[in-house]
Amino acid sequence: AALAQEVREMFLHAYDAYVKHALPLDELRPLSCSGATSFFNFSMTLIDSLDMLVLVGNTSEFARQVEWLSENFEVKHTTGSSSIFETTIRVIGGLLSAHLLAEEHIPDYEGSLLRMAQEVADSLTPGFSSSSSGVPFNSFRVLSPGPDFRLEVHMLTTAAAAGTLS
């Protein structure tokens, strides 16, 4: 019980710092207490933290952040590169697990996280459909941002991506 409480306190300390200093950006830079974007500004640390909020018993904060994401999340690829593997397991996976938890812990939840996961998955389709081998490519680079964005798929993959996403 003491170890569980210590883990809870450590998580909440880090989570609170992220919310205070970095949200809506992807991650917190702890030395400068500033935020940074690394995944097209999907609020990655927030998505990574949603299931843990439930696990540590903070369902009110979980519900508050699901509502925040419902109002603020959008797939708005900006120029730059990103990993299809990381985006799949962290963004889509995080949204899907949070969706299942929201169905259980938020009485008036209407499926917004599932819709977000679908939107992200749809945006990654070129990484899967461009591969003649059926193994998804490792990363992509956005050539033109905006609603009609164009992607350049990097013609490489990793064992982790091939095994996990195939």
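Reader: In which helix is the place of V19?

Author: V19 has its place in helix α1, which covers residues 2-21; helices (H or I, at least four residues) and strands (E, at least two) are DSSP runs, numbered from the N terminus. This is a predicted model, in which local features need pLDDT of at least 70 and side-chain atom pairs count only at pLDDT 80 or more, while totals for chains, interfaces and linings use all residues. Residues are numbered from 1 along each chain as its sequence is written, and side-chain values use heavy atoms, with hydrogens and water left out.

Reader: Is V19 buried or exposed, or something in between?

Author: The general idea is that buried means under 20% relative accessible area, exposed means over 50%, and partly exposed lies in between, with a 1.4 Å probe and protein chains only. V19 has 24% relative accessibility and therefore counts as partly exposed.

Reader: Which residues is V19 in contact with, leaving aside its neighbours within four places in sequence?

Author: Contact means heavy atoms within 4.5 Å, and on that basis V19 is in contact with R64 and Q65. A separation can also be read between C-alpha atoms: those of V19 and L46 are separated by 8.0 Å, although the two residues are 27 residues apart along the chain.

Reader: Where does Q65 lie, and what is its relative accessible area?

Author: Q65 lies in helix α3, and Q65 is buried because its relative accessible area is 1%. Leaving aside neighbours within four places in sequence, Q65 is in contact with Y15, V19, L23, L46 and L50.

Reader: At what angle do the axes of α2 and α3 cross?

Author: Axes are lines fitted to C-alpha atoms, for helices over the stretch in contact, and angles run from 0 to 180 degrees between N-to-C directions. The axes of α2 (residues 44-55) and α3 (residues 59-72) come within 8 Å and cross at roughly 150 degrees. Angles under 35 degrees count as roughly parallel, over 145 as roughly antiparallel, 65 to 115 as roughly perpendicular and the rest as oblique, and α2 and α3 are therefore roughly antiparallel to each other.

Reader: Which residues of α2 and α3 meet?

Author: From α2, the residues L46, I47, L50, L53 and V54 meet T59, E61, F62, Q65, W68 and L69 of α3. This contact divides into eight nonpolar, two polar and one charged residues, where Ala, Val, Leu, Ile, Met, Phe, Trp, Tyr, Cys and Pro count as nonpolar, Asp, Glu, Lys and Arg as charged, and the others, Gly among them, as polar.

Reader: How do the axes of α4 and α5 cross?

Author: The axes of α4 (residues 84-105) and α5 (residues 112-123) come within 8 Å and cross at roughly 160 degrees, and these two helices are therefore roughly antiparallel to each other. Among the residues that meet are V91, L95 and H99 in α4, and L114, A117 and V120 in α5. By class, the contact of α4 with α5 has twelve nonpolar, two polar and no charged residues.

Reader: Is T88 buried or exposed?

Author: T88, which lies in α4, is buried, with a relative accessible area of 16%. Leaving aside neighbours within four places in sequence, T88 is in contact with G93, L124, F128 and L165.

Reader: How many helices and strands are there in the protein chain?

Author: The protein chain has seven helices and five strands, which run α-β-β-α-α-β-α-α-α-β-β-α from the N terminus on. Of the 166 residues in the protein chain, 38% are buried.
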